[in-house]
Amino acid sequence: MTWIYAVERAVKNNVPKVEAILKEHPYLLDLAMKVREGKTEVLRNLDRYVEETIKSVEKSGGRAHLVSNAEEAKEIVSKIVGTGKTIVLGKSMVAYEAGLRKHLEAMGNDVWETDLGEFLIQLADEPPSHIIAPSLHMTKERAEEVMRKIDNELNNSTHEKIAMTARKFLRDKFIKAHVGITGANAVAADTGSVILVENEGNIRMTTVLPEVHIAVAGLEKILPNLQLALYEALVQAAFGGLYPPSYVNVSSGPSSTADIEMKRVSPAHGPREFHLVLLDNGRREAAKDPVLWESLLCVRCGRCHLHCPVYRVFGGKWGVPPYSGPMGAMWSAVVYRDFGPAQLCVHSGGCREVCPMKIDIPKVLEELKKRGLKQ
Ligand code: SF4
């Protein structure tokens, strides 16, 4: 029953907001179509763009690692991190997909999610229920109950008080962190830059304070150039209902300075090392699939979830975590080869109407239903 209250509150807060944003800033619809074109171009020539991205990252002084699956991702990240470290994580679905947090904890590291929703999920030891609001299934009352693990005096708290409790606890972790791990909203092939859009400020600190920044991204996050990569971040923020975003971060290699004789040297105040881990895990195969390829256009705005009657009943239980809702039913097939979630689709079509990438989600799910039944 708690889920029904939580999702209805989220729908009420989010749906009119996105509509108002798009009305006020109509250029966002144009940007969305440019992003769709850019992503389509990359998916049609994926190997070439992956190669270009790797070269660009190395050129900017970073290290790029192409990995085939979750095991390889864990292996390379473990090698970079080592043991006995404090690690701060910026919300990353790919890190969840690869099981990075639990793996690094098992290796003897002190690992903390720093996005408020992910932090609640970590404290509660529950899977996320939405791609941009992972603790969407928690009411304020439940969030307070979970947060009592770090402050047992919390009682009858406001939203602000719960956020402040997390802020106080995590500030110390940011300062102590040896390594910051983030995902990526987009990766620019021409510059090797990783773009991250956020509101909390946790990503900014995760990417700048520790000595090492590791960005973990799926291959589909590549866009041909920095301009389109920045557009993707703006589109994601707007269709997620958070526009303008508080922060847009661009990380191109380790920190650097050109303040002495204009000669650019590294590091400066930020990280000494920058790593980009590019994860395949079924994406290359999906890019060649005549129907499934469209799912790779997703910018993870989470809008389709709130317009879907099935998600509004089942929430994060529909799909394989961290992928839920209509996009999650597609993505469960892309990365886990699980056609089960698609079977629940009732073809209301709301998802297709609101998707900024104009993905024909019902068509993809219809095909996945057929494949699931054959299987
Ligand atoms: S499928 Fe479309 S609406 Fe759903 S999360 Fe992805 S981009 Fe957003």
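Modeller: Helix 15 and helix 17 pass each other in a left-handed crossing. Please bear in mind that this is a predicted model.

Colleague: At what angle do the axes of helix 15 and helix 17 cross?

Modeller: The angle is roughly 40 degrees, and the axes come within 10 Å. Helix 15 covers residues 325-336, and helix 17 covers residues 361-374. That angle makes helix 15 oblique to helix 17.

Colleague: Which residues of helix 15 and helix 17 meet there?

Modeller: From helix 15 they are Pro326, Ala329, Met330 and Ala333, and they meet Ile361, Val364, Leu365 and Leu368 of helix 17. By class, this contact has 8 nonpolar residues, with no polar and no charged ones.

Colleague: Let us turn to helix 2 and helix 3. How do their axes cross?

Modeller: The axes of helix 2 (residues 27-44) and helix 3 (residues 46-59) cross at roughly 100 degrees and come within 5 Å. The two helices are therefore roughly perpendicular to each other.

Colleague: And what makes up the contact between helix 2 and helix 3?

Modeller: Helix 2 contributes Glu41, Val42, Leu43 and Arg44, while helix 3 contributes Leu46, Arg48 and Tyr49. In this contact of helix 2 with helix 3, 4 residues are nonpolar, 3 are charged and none is polar.

Colleague: A wider view, please. Into which domains is the chain divided?

Modeller: Domain 1 runs over 45-281 and domain 2 over 284-374. Their centres, taken over C-alpha atoms, are 24 Å apart.

Colleague: How many residues of domain 1 and domain 2 are in contact?

Modeller: There are 24 residues of domain 1 in contact with 24 residues of domain 2. Between them the domains bury about 2,100 Å², with 61% of that area on carbon and sulfur atoms.

Colleague: Which three residues supply more than any other three to the area that domain 1 buries?

Modeller: They are Ile131, Glu220 and Phe239, which supply 28% of the area that domain 1 buries against domain 2.

Colleague: Changing topic, which peptide bonds are cis?

Modeller: Pro267 sits in the loop between strand 9 (247-251) and strand 10 (273-279). Another joins Pro321 and Pro322, where omega is about 5 degrees. Pro322 is placed in the loop between helix 14 (309-314) and helix 15.

Colleague: Why point these out?

Modeller: Most peptide bonds are trans, and most residues other than glycine have a negative phi.

Colleague: Then what is the phi of His347?

Modeller: Phi of His347 is near 60 degrees, a positive value although the residue is not glycine. His347 lies in the loop between helix 15 and helix 16 (350-354).

Conventions:
Residues are numbered from 1 along each chain as its sequence is written. This is a predicted model: local features need pLDDT of at least 70, side-chain atom pairs count only at pLDDT 80 or more; totals for chains, interfaces and linings use all residues. Side-chain values use heavy atoms; hydrogens and water are left out. Axes are lines fitted to C-alpha atoms, for helices over the stretch in contact, and angles run from 0 to 180 degrees between N-to-C directions. Helices (H or I, at least four residues) and strands (E, at least two) are DSSP runs, numbered from the N terminus. Angles under 35 degrees count as roughly parallel, over 145 as roughly antiparallel, 65 to 115 as roughly perpendicular and the rest as oblique. A crossing is left-handed if the near helix is turned anticlockwise from the far one by less than a right angle, and right-handed if clockwise. Contact means heavy atoms within 4.5 Å. Ala, Val, Leu, Ile, Met, Phe, Trp, Tyr, Cys and Pro count as nonpolar, Asp, Glu, Lys and Arg as charged, and the others, Gly among them, as polar. Domain bounds come from an automatic or database domain assignment. Buried area is the accessible area (1.4 Å probe) that two parts lose on being put together, summed over both.
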